[in-house]
Amino acid sequence: MSKLPHIGTSIFTVMSQMATEHQAINLSQGFPNFPIDERLIAILSKLAKENIHQYTPMSGLPSLLDKIAVLTQQSYGRTVSAKEEILITAGATEGIFATIQALVRANEEVIILDPSYDCYEAPILLSNAKPIRVSLNIDFTPNWEVISAAANEKTKLIIINNPHNPTGKMWTENDFVQLEKLVEAYPNLLVLSDEVYEYITFEEPHISVHHRPKLWHRSISVSSFGKSFHITGWKIGYVIAPENIMKEIKKVHQFLVFSVSSIAQHVLNDYIDLVDVKALGQFYQQKRDLFRNLIKETKLELLPCEGTYFQVASYANISDENDLNFTKRLVTEFGVATIPISTFYANGNDHQCIRFCFAKDDETLEKAAERLIKL
């Protein structure tokens, strides 16, 4: 009998397969199609010949941990212990999985804010705990009255995602004030903050749990080198948490992967000295602005995109179809693959919105726009 009977093939796999079958432009799955930084390739080529191919320590390469601590201080003004409070993970997903498995017990509850990324629910269910799905407002901002009503003494975690996938929305100062009030009301409540797009923000700066001293002792943050440096296939990220919490996460991590790719850690250890993470937002803002300008002549209504490399659009002016059928027809008839937003909701809430990934080269975005104008 399946432990996860309701979970099938992910929508990302389905749409990517359809894109391949129909030779469509794939703007569905969130991965860049342009080359990685040549400096990264040069470092990789050099280090591949050195004796760095055996296990690193379980927590991560010590020098890389030190540099993450420095990056956290530079980015957020927070001092963390490289040895005790940082863990290198096999991608952000492994960090999220290990955190939930380590901290959530049977019959406890975890609040997930929908629309939400699909990796949150499975580790909760595998812990014999209960996911509590709470929908965001129609504009994808948090509804704190509803969120507060969903919390109780059984609530162990609230999972937040800022900047937000799939919508590109970002939390405000007031949202974090409300989160702090919620945490104060429930002494056992912890915050799992998915911040994999933390450096991909545009007009407004990203607010992190690292900016909020009141949350430091109750928060676990998850970051992604894969997302930040366009190397999603390397599957490498990191978790930051207070020492007492990190001890528990490390117990699970060591039996999942023990240690993460040694060569990836050594390469990033050298690369992080060369790259300016503050430039990432500027790079992707150019992509966002290009894509928005290219498709402004279509019948699609573009929603605000404040961060991430995703653009949500409403097709309500084009069709009454549900979003899954619309996205499938978009592939078969127009040759563009996207993701239906309803698949990010537990209840399948359908606002007739679809998600585009604009982390693509200019030529790909231009060709996609040519096809979308025909809608």
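Me: How many residues in the lining of the largest cavity are nonpolar, polar and charged?
Reply: In this predicted model, that lining divides into 11 nonpolar, four polar and two charged residues. Nonpolar covers Ala, Val, Leu, Ile, Met, Phe, Trp, Tyr, Cys and Pro, charged covers Asp, Glu, Lys and Arg, and polar covers the others, Gly among them.

Me: Before we go on, what should I know about the model?
Reply: Because it is predicted, local features need pLDDT of at least 70 and side-chain atom pairs count only at pLDDT 80 or more, while totals for chains, interfaces and linings use all residues. Residues are numbered from 1 along each chain as its sequence is written, and side-chain values use heavy atoms, with hydrogens and water left out.

Me: How many cavities of 30 Å³ or more are there in the whole structure?
Reply: The search finds three. A cavity is a set of points on a 1 Å grid over the protein atoms alone where a 1.4 Å probe fits but cannot get out, and lining residues have an atom within 4 Å of a point.

Me: What space lies in the largest cavity, and which residues are the closest to its centre?
Reply: The largest cavity holds about 120 Å³. Its lining has 17 residues, and Leu 113, Leu 136, Asn 161, His 164 and Trp 171 are the closest to the centre.

Me: Which element gives the most to that lining of the largest cavity?
Reply: β5 does, with three residues. Both β3 (109-114) and β5 (155-161) supply at least two residues each. Strands are DSSP runs of E with at least two residues, and helices are runs of H or I with at least four.

Me: And the second largest cavity, what volume has it?
Reply: Its volume is about 50 Å³. Leu 71, Glu 198, Tyr 199, Ser 223, Ser 224, Phe 225, Ser 228, Phe 229, Tyr 238 and Val 277 line it. Two or more of the lining residues come from each of β7 (219-224) and α8 (225-228). By class, the lining has six nonpolar, three polar and one charged.

Me: Pockets next. What space lies in the largest pocket?
Reply: About 1100 Å³ lies there. A pocket is an open set of points with protein on both sides within 12 Å along at least five of seven lines. The largest one has 43 lining residues, with Ser 10, Phe 12, Tyr 117, Asp 118 and Cys 119 nearest its centre.

Me: Which helices supply at least two residues each to that lining of the largest pocket?
Reply: They are α1 (11-21), α4 (91-103), α5 (121-126) and α8. The most comes from α4, with five residues. The lining comprises 20 nonpolar, 16 polar and seven charged residues.

Me: Which residues lie nearest the centre of the second largest pocket?
Reply: Among its 15 lining residues, those are Glu 198, Tyr 199, Thr 201, His 206 and Lys 278. This pocket has a volume of about 300 Å³, and its lining divides into five nonpolar, eight polar and two charged residues.

Me: Changing topic: where does His 210 lie?
Reply: His 210 is in the loop between β6 (190-194) and β7.

Me: Is His 210 buried or exposed?
Reply: His 210 counts as buried (under 20% relative accessible area) because its relative accessibility is 3%.

Me: What polar contact joins His 210 and Arg 78?
Reply: Their side chains are joined at 2.9 Å; a polar contact pairs N or O atoms within 3.5 Å. The side chain of His 210 has another such contact, of 3.0 Å, with that of Ser 221.

Methods. Grid points are joined across faces, edges and corners, and a volume is the space filled by probe spheres set on the points. Buried means under 20% relative accessible area, exposed over 50%, partly exposed in between (1.4 Å probe, protein chains only). A polar contact is a pair of N or O atoms within 3.5 Å; within protein, one must be able to donate a hydrogen and the other to accept it, and residues adjacent in sequence count only if both atoms are side-chain atoms.
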